[in-house]
Amino acid sequence: MKQWLGKADEAVNYWKKCLELDPAYSFAYQQIGMVAAGRGEQAQALEMYRRALELDPAASEARSGLANTLIDLGKLDEAIEIPKRHVVAEQGRYAGYVCLL
């Protein structure tokens with residue numbers, strides 16, 4: 001993807017165009033969050049990851065990104081709640097358990 005090829009601005013513009021066409025496209029919010037996190041723009045990253053999860057509660061990469069950003073901000077108590085909620089929501093699936101290790 002463009003953000004990994006040194007073209008983060010171009011990638012963000014692409015994802016924003018996607019959101020103009022479909023404001024409920026959670027993957028676009030997740031991708032903008034990833035770019036923001038990579039740039040150290042934690043506030044925007046949190047906003048984008050949370051929006052992605054509002055639209056798609058099963059978006060595991062957005063959930064991981066949110067938890068990692070909270071950890072980066074030193075909000076460990078809040079971060080640990082993210083995978084705990086995932087374990088409850090995805091009963092029996094291992095991904096949430098792995099996050100808790």
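1. Basis of the values. The model is predicted, so that local features are given at pLDDT of at least 70 and side-chain atom pairs at pLDDT 80 or more, whereas totals for chains, interfaces and linings use all residues. Residues are numbered from 1 along each chain as its sequence is written, and side-chain values use heavy atoms, with hydrogens and water left out.

2. Overall fold. The protein chain holds 6 helices and 0 strands, where helices (H or I, at least four residues) and strands (E, at least two) are DSSP runs numbered from the N terminus. The order of its elements from the N terminus is α-α-α-α-α-α. Of its 101 residues, 38% count as buried; buried means under 20% relative accessible area, exposed over 50%, and partly exposed in between, with a 1.4 Å probe and protein chains only.

3. Surface and contacts. Among contacts (heavy atoms within 4.5 Å) between residues at least 6 apart in sequence, 30% join residues at least 24 apart.

4. Helix H2. The end C-alpha atoms of H2 are 19 Å apart, which agrees with the 18 Å that its 13 residues should span at 1.5 Å a residue, the expected span being 1.5 Å times one less than the number of residues. Its buried residues include Ser26, Tyr29, Gln30, Ile32 and Val35, and what covers the buried residues of H2 includes helix H1 (8-21), H3 and H4. After H2 comes Gly40, with a positive phi near 80°.

5. Gln30. This residue belongs to helix H2 (residues 26-38) and is buried, at a relative accessible area of 4%. Leaving aside residues up to four places away in sequence, Gln30 touches Met48, Tyr49, Ala52, Ala59, Glu61 and Ala62.

6. Helix H3. With 14 residues (42-55), H3 reaches 20 Å from its first C-alpha to its last, close to the 20 Å expected at 1.5 Å a residue.

7. Salt bridges between parts of the chain. Taking a salt bridge as a side-chain nitrogen of Lys or Arg within 4 Å of a carboxyl oxygen of Asp or Glu, the count comes to 3. Asp9 pairs with Arg39, their closest N and O atoms being 2.2 Å apart; because Asp9 lies in helix H1 and Arg39 in the loop between H2 and H3, the pair ties together parts that are 30 residues apart in sequence. Asp9 is exposed, at 53% relative accessible area, whereas Arg39 is partly exposed, at 37%. Glu78 forms a salt bridge with Arg50, the closest N and O atoms being 2.7 Å apart, and this pair links distant parts of the chain, with Glu78 in helix H5 (residues 76-89) and Arg50 in helix H3, 28 residues apart.

8. Glu54 forms a salt bridge with Arg51, with 3.1 Å between the closest N and O atoms. Both residues lie in helix H3, 3 residues apart, about one turn of the helix. Glu54 is exposed, with a relative accessible area of 58%, while Arg51 counts as partly exposed at 30% relative accessibility.
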